[in-house]
Amino acid sequence: MNGILKDKKAYLVFLVPGIAFYLFAVFYPIIDSVRLSFVEWGGIGPEKFVGLENFARMFKDHVFYESFFNNIIYLVIVVAMQLLIGLLFAVLLTYMNKHVSLVKTLYYVPCIITTVAIGQMFRSMYATEPMGLFNIILDAVGLDNLVRSWLADINTVLPAVSFPEGWRFTGMYMVIYYAALISIDPEVSEAAEIDGANAWQTLWRVKIPMIKPVIVLSLTMCITGALRGFDIPYLLTNGGPGNSSELMSTYMYKQAFASNKFGYGSAIAVFIIVESILAVVILRFVSGRKKD
Amino acid sequence: MENKQYAAIKKIRKVVFALVIITFLIIQLYPIVWVFMASIKPTTELSARPFALPEAPTFENYRNIFAKGDIFLYLWNSVKVTFFSLILIMAFSSTMGYALSKFRFRINKKLYSFLTLGIMIPVQITLIPLFIFYSKMDILNTTFSLVLPQVGFAIPLSVMLFVNFYQFVPNELIEAATIDGCSPYGIFFKIMMPMAQNTFITIASMYSILIWNDFIFANTFISKSSAKTVAMGLKDYVGAFGNVDWGLTFAAIAVSILPPMIVYFLLNKHVTAGMAAGATKG
């Protein structure tokens, strides 16, 4: 941030169009969301100011709680898959000598596919009519009593809608961790090996601690991403059956756009943003990362 | 003797290692390969032997979706949204990045922090207000209704990428150009823009994929069939619990994911670098 140009007019010419667009496209809707969370409005007629009533109602709404806890389970599954599998595969790649960039390129492919397509792929894999991939594999390994319509069973639907989201982004975290791992000075791990550490110890005691800042950052992004999870659960089940795969975002969406409760929907949206900010603050506090 | 044994162990290890890597790759890629395979199977074969290699490959599914024609309209809508969004993203963020990193004004630091905060904002918070705004202005179902939020949410990360790059352009260079009589505008167009070519490519490649793939904005602001983007069109061949024509759906998926695939395989270093920056610099 240490420029040298001082021409004020040119400065404004370069800065203002973008800032104005940003304020209008992102900042104004946020403010308006907060305002709407204090009103009751069904889409037509005048808005009615109701104070904190939407929030009071939210904290008494059992579906809200159900979607909150579903969202926590969704978050745990998604974060565990993205970070652990991403990290595991990145570590494996560091021991590879040939074709690394080809493997990386291919592994990343699910990240660039639209969620609608991923939704359709998994819908067909979970199905029983015709038998989908999951059920065929279960049947083949003798677990045919587990064969079921994964999206219709209230006991399996939540993991079933979480899994595709975890699966599709492992490649992105793999790329991030791989870049961090190979940027570690080779002398550091050589020194550890000279001191008698085996490969396993070098990995856990030296390499992983060294990329901890990257892990914390990606964890932050991964958690806030999961707190706003929407596309795949919405596309696969729309929160059903019942509310057994309802997440915060899908519930917000339904309240606003299916029931026309724009005020109540906004209150849930405000809750989602507050919750995301809280998660980031807590994570920074726990990891002791100073604000840079 | 011992050497031979050691060599054998080493070889086994190598094979096991390769198998592990291949297993990971199969888990990641099989669903996608399967879609392409399923799209060239006749409907009867698809339901009878869904996971076998296609026995009688056919392009009938493709012929059918092209004959139905809607997909061309959807593709065209996606192209429009992606194109206009990219132009605006690059115009706004390259100029803002220049103002924030090469001008000396005290407010810059605060503005930059305010902007980068935006990387963390969930898009859901804007859906209801924008929807209400669009319906009042009667501009639901327009290209603009999708371009506005796409550009807004792309600005923070794009500005950050430009600032990161511009900071490596030495101030002495700008000073020398100023002494030679070059205006701040000339410096931007003749020096900064050509040098930032890689940043432009990174942003264009990453956001062309992300915008092309968007579901949530399109699903909220588009209801007319004629304004649908290609991602939404994939749901055309599926009813809630009605009969899904899987053959057509898979062919449509294959068509719709082809453009992002091409961008990705041509520019994958740029795409992954941009996305990784988004996930770790928030």
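# A tour of the two chains

Select helix 8 and helix 9 of chain A: Val188(A), Ser189(A), Ala192(A) and Glu193(A) on helix 8 meet Thr202(A), Val206(A) and Lys207(A) on helix 9. By class, the residues of this contact are 3 nonpolar, 2 polar and 2 charged. The model on screen is predicted.

Keep both helices selected and look at how they cross. Helix 8 covers residues 186-194 and helix 9 covers residues 199-210; their axes come within 10 Å and cross at roughly 135 degrees. Angles over 145 degrees count as roughly antiparallel and 65 to 115 as roughly perpendicular, so helix 8 and helix 9 of chain A are oblique to each other. Their crossing is right-handed.

**Chain A as a whole**

Zoom out to chain A. Its secondary structure consists of 13 helices and 2 strands. Along the principal axes, its C-alpha atoms fill a box of roughly 75 × 70 × 35 Å. Of the 292 residues in chain A, 42% are buried. Taking contacts in chain A between residues at least 6 apart in sequence, 69% join residues at least 24 apart.

**Helix 3 and helix 10 of chain A**

Next, select residues 62-94 and residues 212-227 of chain A, which are helix 3 and helix 10. The two pack at an angle of about 140 degrees, and their axes are 9 Å apart. The crossing is right-handed. To show the contact, display Asn71(A), Tyr74(A), Leu75(A), Val78(A), Val79(A), Gln82(A) and Leu83(A) from helix 3, then Ser218(A), Leu219(A), Cys222(A), Ile223(A), Ala226(A) and Leu227(A) from helix 10. Sorted by class, this contact has 10 nonpolar and 3 polar residues, with no charged ones.

**A loop with a cis bond**

Go to the loop of chain A between helix 11 (231-236) and helix 12 (248-258), where Pro241(A) is found. The peptide bond leading from Gly240(A) into Pro241(A) is cis, with omega near -10 degrees.

Asn238(A) is in this loop between helix 11 and helix 12 too. Asn238(A) is not a glycine, yet has a positive phi of about 55 degrees. Is Asn238(A) exposed or partly exposed? The count of C-beta neighbours inside 10 Å is 15, so Asn238(A) counts as partly exposed.

**A positive phi in chain B**

Switch to chain B and centre on Asp138(B), in the loop between helix 6 (124-137) and helix 7 (143-166). Asp138(B) has a positive phi of about 60 degrees, again without being a glycine. Because Asp138(B) has 8 C-beta neighbours inside 10 Å, it counts as exposed.

Still in chain B, select helix 3 (residues 60-68), which holds Asn64(B). Asn64(B) has 16 C-beta neighbours inside 10 Å and therefore counts as partly exposed.

**Helix 5 of chain A**

Return to chain A and select residues 115-126, which form helix 5. Among the buried residues are Phe122(A), Arg123(A) and Tyr126(A).

Now bring in helix 13 of chain B, residues 246-280. Helix 5 of chain A packs against this helix at an angle of about 145 degrees, the axes being 10 Å apart. Their crossing is left-handed. On the chain A side, show Ala117(A), Gln120(A) and Ser124(A); they meet Trp246(B), Thr249(B), Ile253(B), Ser256(B) and Ile257(B). The contact has 4 nonpolar and 4 polar residues and no charged ones.

**The whole contact between the chains**

Finally, show both chains together. Their contact takes 72 residues from chain A and 75 residues from chain B. Which helix of chain A gives the largest share of the side that touches chain B? Helix 1 (residues 8-36) does, with 16 residues. The chain A side divides into 51 nonpolar, 16 polar and 5 charged residues.

Methods:
Residues are numbered from 1 along each chain as its sequence is written. Chains are lettered from A and ligands numbered from 1 in the order in which they are written. This is a predicted model: local features need pLDDT of at least 70, side-chain atom pairs count only at pLDDT 80 or more; totals for chains, interfaces and linings use all residues. Axes are lines fitted to C-alpha atoms, for helices over the stretch in contact, and angles run from 0 to 180 degrees between N-to-C directions. Helices (H or I, at least four residues) and strands (E, at least two) are DSSP runs, numbered from the N terminus. Angles under 35 degrees count as roughly parallel, over 145 as roughly antiparallel, 65 to 115 as roughly perpendicular and the rest as oblique. A crossing is left-handed if the near helix is turned anticlockwise from the far one by less than a right angle, and right-handed if clockwise. Two residues are in contact if their C-beta atoms, placed from the backbone, lie within 7 Å. Ala, Val, Leu, Ile, Met, Phe, Trp, Tyr, Cys and Pro count as nonpolar, Asp, Glu, Lys and Arg as charged, and the others, Gly among them, as polar. A residue is buried if 20 or more other C-beta atoms lie within 10 Å of its own, exposed if 12 or fewer, and partly exposed in between; C-beta atoms are placed from the backbone. The expected span of a helix is 1.5 Å times one less than its number of residues.
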